Amino acid sequence: MLLQNFLEESAKQYPKKVALIHRGERWTYEEINERSDQLATFLRDRGVRRGDRVAIFMDNSVEVVISLFGILKADAIFIMLSPSLKSSKLKYILNNCQAKALITHVNKLNVLMDVFEATPTIQFTIFSGDKTKIPVNYLSKSIFWNEIFSSSCPSRLTPYTNIDLDLATIIYTSGSTGDPKGVMLTHLNMISAATSITTYLENVPEDIIINVLPLSFDYGLYQVLMAFKFGGTVVLEQSF
């Protein structure tokens, strides 16, 4: 079993059920699963391969949830970055994990302007938000989020090659006492933790979870993963 199977199994059992609520928008399991398939296909078409790192740098949003599952479905490793990171630590982490691509929002451009030239492994950046705010000199390596999903064609997603002992994510520490450290978690690590917690809490599909933690924080991330495991609903906020 792989981590993305949480979403896929819930999409099979509860396709029309609301999986995620964010800023008044409601997303079903079927919709999130289809979007993540499309993103995975796009990433593979752009050269993302098994074991490549793809970083996510944005505030809590539906794009973050779609991105983490899309990256996993591309057999890649997602790096969930704190949305409050400054440019120096952002550069360090992206270079440390040798990220191949970055998914972000245009509201992070003020931090990213000093980062792009110092992160040579990043081959392209996917931007959510207003495309007109992206500087002209960055457009050649930039993709607009909505353009990935504008086609009505099927995703053409090919079978996974990952196994449960492959890395699913690297979670970086805050770096408050030095350089951030990357904690390496396999699919099996995360599935075991999610299974243990949801079993202890006796979660059921009728449960609704409100999450105010950033998904870069491990338990904030697990709130989403666990809900998708048992087919619940997540109300995703940025903070109190």
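Predicted model: local features only at pLDDT ≥ 70, side-chain atom pairs only at ≥ 80, totals over all residues.
Let us start with helix 7, which covers residues 187-201. Two packed helices are described by the angle between their axes and the distance between the axes. In this model, the axes of helix 7 and helix 8 come within 10 Å and cross at roughly 75°. Angles of 65 to 115 degrees count as roughly perpendicular, and helix 7 and helix 8 are therefore roughly perpendicular to each other.

Which residues meet where these two helices touch? From helix 7 come Asn189, Met190, Ala193, Ala194, Thr195, Ile197 and Thr198. On the side of helix 8 you will find Tyr219, Leu221, Tyr222, Leu225, Met226, Lys229 and Phe230.

Tyr219 turns up again in a nonpolar surface patch, together with Tyr200, Leu201 and Phe217. The patch has an area of about 470 Å².

## Salt bridges across the chain

How many salt bridges does a search of the whole structure find? There are nine.

| Asp75 | Arg44 | 3.2 Å |

Take the salt bridge of Asp75 and Arg44. This pair links distant parts of the chain, 31 residues apart. Asp75 belongs to the loop between helix 3 (62-73) and strand 4 (77-80), while Arg44 is part of helix 2 (residues 29-45). Are these two partners buried or exposed? Both Asp75 and Arg44 are buried.

Asp166 lies in the loop between helix 6 (145-148) and strand 8 (167-172), and Arg50 in the loop between helix 2 and strand 3 (53-57), so the pair ties together parts that are 116 residues apart in sequence. Asp166 is buried, with a relative accessible area of 19%, whereas Arg50 is partly exposed at 45%.

Asp52 is buried at 18% relative accessibility, and Lys100 is buried at 17%. Salt bridges can also share partners: Glu8, Asp37 and Lys73 are joined into one network in this way.

## Two residues with a positive phi

Now for the backbone. Most residues other than glycine have a negative phi. Where in the chain can you look for residues with a positive value? One of them is Arg23, with a phi near 50°. Arg23 is found in the loop between strand 1 (18-22) and strand 2 (25-28). Its relative accessible area is 67%, so Arg23 is exposed.

Glu202 is not a glycine either, and its phi is positive at about 55°. This residue lies in the loop between helix 7 and strand 10. Glu202 is exposed too, with a relative accessible area of 65%.

## A buried threonine and a loop alanine

Is Thr28 buried or exposed? Thr28 belongs to strand 2 and is buried, with a relative accessible area of 13%. Leaving aside its neighbours within four places in sequence, Thr28 is in contact with Pro15, Lys16, Lys17, Val18 and Ala19.

Ala118 has its place in the loop between helix 5 (109-112) and strand 6 (124-128). At 34% relative accessible area, Ala118 is partly exposed. Not counting residues up to four places away in sequence, Ala118 touches Lys91 and Asn95. Ala118 and Gly47 are 71 residues apart in sequence, and their C-alpha atoms are 21 Å apart in space.

Terms used: Residues numbered from 1 in each chain as written. Heavy atoms only, no water. Patch = residues over 30% accessible without salt bridge, like charges linked within 9 Å, V, L, I, M, F, W, Y side chains within 5 Å. Areas by Shrake-Rupley, 256 points an atom, 1.4 Å probe, with all protein chains shown as cover. Salt bridge = Lys/Arg side-chain N within 4 Å of Asp/Glu carboxyl O. Axes fitted to C-alpha atoms, helices over the stretch in contact; angles between N-to-C directions. Helix = DSSP H or I, 4+ residues; strand = E, 2+ residues; numbered from the N terminus. Parallel < 35°, antiparallel > 145°, perpendicular 65-115°, else oblique. Contact = heavy atoms within 4.5 Å. Buried < 20%, exposed > 50% of the residue type's maximum accessible area, 1.4 Å probe, protein only.
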